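Thanks for making time this morning.

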Amino acid sequence: MKYMMTYDLMESARNTNQWLGATARAFASYPMMSVGANPAMDWLMAWGEVTERTFARMIVKPDWNIPPVTCEKGKDHPVVIETVVERPFGDLIHFTIPGRKPSKRRVLITAPMSGHYATLLRKTVISLLPDCDVYITDWHNARDIPVSEGKFDVEDYTLYLVDFMRELGSDIHVIAVCQPVPLALAATAYLAEEDPKAQPRSLTLIGGPVDPEANHTEVTDFGRSVTMGQLEQTMIQRVGFKYAGVGRMVYPGLLQLASFISMNGETHANAFRDQIIKTAKGEAREHDKHNAFYDEYLAVMDMTAEFYLSTVERVFKNRDIARNDFSVAGRKVDIGKITTVAVKIVEGENDDISAPGQCLAALDLLTNLPDSKKASHVEPGAGHYGIFAGGSWRNNIRPLVLDFIDANSDEPKKQKAANKNAAA
């Protein structure tokens, strides 16, 4: 499958379905079709509208659409997005709020690079903005990155996080969601040895695969059942001439989306059937629950082949992080070097992506971190999405995370003592 032809074939199929939906909608909207009552035309128009929107949104990066934030004295402040660090494979962006007093809570959200854009965490960002100064990693679509920019694998991802943490300073609190959890842990350990003063105050690790073998899911079972050669032959394709990254080897977002949908195929089929029915009855709305969810869910991005393959091999198969045997740029990263950064684990009881226990394994690796700086929480009844963006996050987890940040906002005692001795 490692050919441009395969990549272009998937894009052609997507484009054709989008065209079929648009054609059906246009045909059913033709004025002559209104001469006589014909329910079939209403159904055809509804099918066309839902189909066209479904396949069109797959190649569009969603906007952040952050609403104004209500701050002191009930005043609304607009949110302005600024790029702090610009890099080929991802940027560090800042949600600034002009006119608001600087917040003492400075938070870096490390967004997943797992097929969706960082905007998947829009609700997480919105929920934190009233109380925090928020930064986030905004990863780029690999199909838009020229081959001349070189490779990008798990080690490069880790070094990006290291650079972003250094840029923001030691008074930052890191919240890692899903895929970047083990790499955020590795980046902090890297800083603990190379640049201790650049370490964050705290790490909140949410639903990530630190040890995939701690509790099996369909994701981990798939990773164990295929060889790296099989993955490379069946999942990797070469970007076509339509995009700036022509020739780059990638794991296509459309292929990843097919995997996502297949995991809950019946649920998605029912959701689209119901949306067509609502559209035919005139009950669907532009920003209803279905559209709000699928506008984000269906918007997918390509990952570099080396990042996808190295993630599967080193995080899932070889369990480099779980065995504390992860290396970056030829240098082993010892997670036991973390001694001052407070770490909180958040898991969902019903998480079928990163099951309970996979993220909790991080605490066992922190052999030199005092128990007073370790915390964990399992949210009852919560699935994967709910622990960072749903009602469970807003009502239960978010307050716990903010309390954890506040409890660990002071400069670590060891560092204070070291600074005092240096001054003497």
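How exposed is Lys374, in terms of its relative accessible area? Lys374 is partly exposed, at 22%, where buried means under 20% relative accessible area, exposed means over 50% and partly exposed lies in between, computed with a 1.4 Å probe on protein chains only. Its salt-bridge partner is Asp371, with the closest N and O atoms 4.0 Å apart, and Asp371 is exposed, with a relative accessible area of 63%.

Please keep in mind that this is a predicted model, in which local features need pLDDT of at least 70 and side-chain atom pairs count only at pLDDT 80 or more, whereas totals for chains, interfaces and linings use all residues. Residues are numbered from 1 along each chain as its sequence is written, and side-chain values use heavy atoms, leaving out hydrogens and water.

A salt bridge here is a side-chain nitrogen of Lys or Arg within 4 Å of a carboxyl oxygen of Asp or Glu, and by that rule the count is 25.

Arg314 and Glu155 form one of them, at 2.7 Å from N to O. Because Arg314 sits in helix H11 (residues 305–317) and Glu155 in helix H4 (residues 154–168), this pair ties together parts that are 159 residues apart in sequence; helices are DSSP runs of H or I, at least four residues, numbered from the N terminus. Both Arg314 and Glu155 are buried.

Arg14 and Glu11 also form a salt bridge, at 2.9 Å from N to O. They are three residues apart in helix H1 (residues 4–28), which means about one helical turn separates them, and both are buried.

Technical notes:
Helix = DSSP H or I, 4+ residues; strand = E, 2+ residues; numbered from the N terminus.
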